[in-house]
Amino acid sequence: MTLKTTTYLAAAMALAVTLAACKTVGPDYTRPAATTPDAFRGADPAAVGRSLGEEPWAAVFPDEVLRQLIAEALANNLDARIAATRVLQATAQLGITKADQLPTVTGQVSGQGQRGAVFGGTRVPTIGIAQASVGLAWEIDFWGKYRRATEAAQADLARTEWGQRAIITSLVSEVASQYFLLRALDLQLEIATRTLASRDESLRLTVVRERGGATPLVDVRQAEQLVLGAKAQIADVQGRIEQVEHALSVLLARAPGPILRGQALVEQPRPPALPPGLPATLLERRPDLQQAEQQLVAATARIGVAESFKYPQIGLTGSGGVASTSLANLLTSGTWAIGTNLVQPIFNAGRNRNRVALAEAQAQEAALVWQGAVLQALREVSDALVGYTRQREVRSNQEALVVAATDSRRLADLRYRGGATSYLEVLDSDTRLYIAELGLVQAQLAELSAYVEVYRALGGGWTS
């Protein structure tokens, strides 16, 4: 390549770069207005400080076994691994889109030879030909089509990353919820087993009294009903325990099997108040809101891509090649060409106009989806805060109910043994106590589930 040709090529590329930086069509992204209250409804005014959603999950769930299960799920869960591959795909797609902004250069080298032969007594000499060529094609991004496309790809990557965090948040909450359910069922099994032992003893004493003529046979049959009811409850709870273990195993990407236990249900954390932080910060924290906003960013950028098709497409092409029968002359001779082309749409039946209208409508939809997601997030946080507060009240009242039912069962047993009442009163008080104890377990589980829901609704769980 001669010095003059090199100078022309460099000048042409410099001009192309300058032109490409001149204009970018289409709107720049600005976040739509979103009305957020000054405070979440249901928030305790005394709960101040760092939002629960900003706490790492290892601090929110101090049970060491639960921490191990969450860590295992994050490492092995198939949905989490699928989300990670989607991030890799989006990263690769961004690289492909960025490459459209740069020239495409191709090269080709070929050679052929003809062996000498004798024709009519005359020897034809051996001939060798070597050829080399280089081609360059570059659509100058004068209107910003590829820059807008890169913006959209970058937003898609960010959306995918936030989507991965959303899956992580859901996974942490699901593992915690299933673990608390498992510990609640363990407690129910403990209560049912203890109740069965008490009812077995009561049945034995009733049989003795019936044989001594101190009580009718109907009391024995009623005592037997209590025993059989407890046995049925035990069998039911045992089956549910195994099913929850199977659900947790799938979350951990294991084959169905037993799950290790840590702290008992009553030992799990139950803070008196949960600081939610400010509603405005929720827009930056919750993965699903960021995911929806990045979808809007990408849709806005694609309006510019669609707009660019209405304007001339400017391209730069170059080619050059050499051919020689002598390797010594291969790099000293050849032909080179540099050119530009411009394509202006004249008539395409409104395709470009409708392309822009489509992109604008998609951006409008994305904006509405984001605004709806913000409202839904605010509702979920408020619902969770109210739920946690009310479930604490329910649990407190249920504890008082168990105390009263326990005393009532004790008094009924004393009255029956003293002959002051029938066994029906014992049966009734025993049933009420059992129901109250199971109700307390459900209240404790509901409180912990509400705790997990507050954490998830505030966007917590994707940091450890």
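How far apart should the ends of helix H4 be, given its 22 residues? At 1.5 Å a residue, H4, which covers residues 78-99, should span 32 Å. The model described here is a predicted one.

The buried residues of H4 are Ala80, Ala83, Val87, Ala90, Leu94 and Thr97. Seen down the helix axis, these buried residues fall within an arc of 90 degrees, so they line one face of H4. Helix H3 (64-76) and helix H5 (145-211) are among the parts that cover the buried residues of H4.

Which exposed residues sit on the face of H4 turned away from its buried side? That face carries Leu78, Leu88, Gln89 and Ile96. At the start of the helix, a side-chain oxygen of Asn77 comes to within 2.9 Å of the backbone nitrogen of Asp79.

## The nonpolar cores

The largest nonpolar core has 72 residues. Those with the most contacts inside this core are Leu52, Phe61, Leu66, Val175, Phe180, Leu282 and Val454. Two or more residues each come from helix H2 (57-60), H3, H5, H6, H7, H8, helix H9 (351-417) and helix H10 (423-457). H5 gives the most to this core, with 16 residues.

Leu66 shows what such contacts look like: leaving out residues up to four places away in sequence, Leu66 touches Phe61, Val175, Ala176, Tyr179 and Phe180.

## Glu293 in helix H8

Glu293 belongs to helix H8, which covers residues 287-308. Is Glu293 buried or exposed? Its relative accessibility is 6%, and a residue under 20% is classed as buried, so Glu293 counts as buried.

What does the side chain of Glu293 make a polar contact with? The partner is the side chain of Tyr29, at 2.7 Å. Leaving aside neighbours within four places in sequence, Glu293 is in contact with Tyr29, Arg31 and Trp370.

## Ala253 in a loop

Ala253 lies in the loop between helix H6 (217-251) and helix H7 (279-285). With a relative accessibility of 39%, Ala253 counts as partly exposed.

The phi angle of Ala253 is near 65 degrees, a positive value in a residue other than glycine. Most residues other than glycine have a negative phi.

Terms used. Residues are numbered from 1 along each chain as its sequence is written. This is a predicted model: local features need pLDDT of at least 70, side-chain atom pairs count only at pLDDT 80 or more; totals for chains, interfaces and linings use all residues. Side-chain values use heavy atoms; hydrogens and water are left out. Helices (H or I, at least four residues) and strands (E, at least two) are DSSP runs, numbered from the N terminus. The expected span of a helix is 1.5 Å times one less than its number of residues. Buried means under 20% relative accessible area, exposed over 50%, partly exposed in between (1.4 Å probe, protein chains only). The arc is that of the directions from the helix axis to the C-beta atoms. Contact means heavy atoms within 4.5 Å. A polar contact is a pair of N or O atoms within 3.5 Å; within protein, one must be able to donate a hydrogen and the other to accept it, and residues adjacent in sequence count only if both atoms are side-chain atoms. A nonpolar core is a set of buried Ala, Val, Leu, Ile, Met, Phe, Trp, Tyr and Cys residues joined through side-chain atoms within 4.5 Å.
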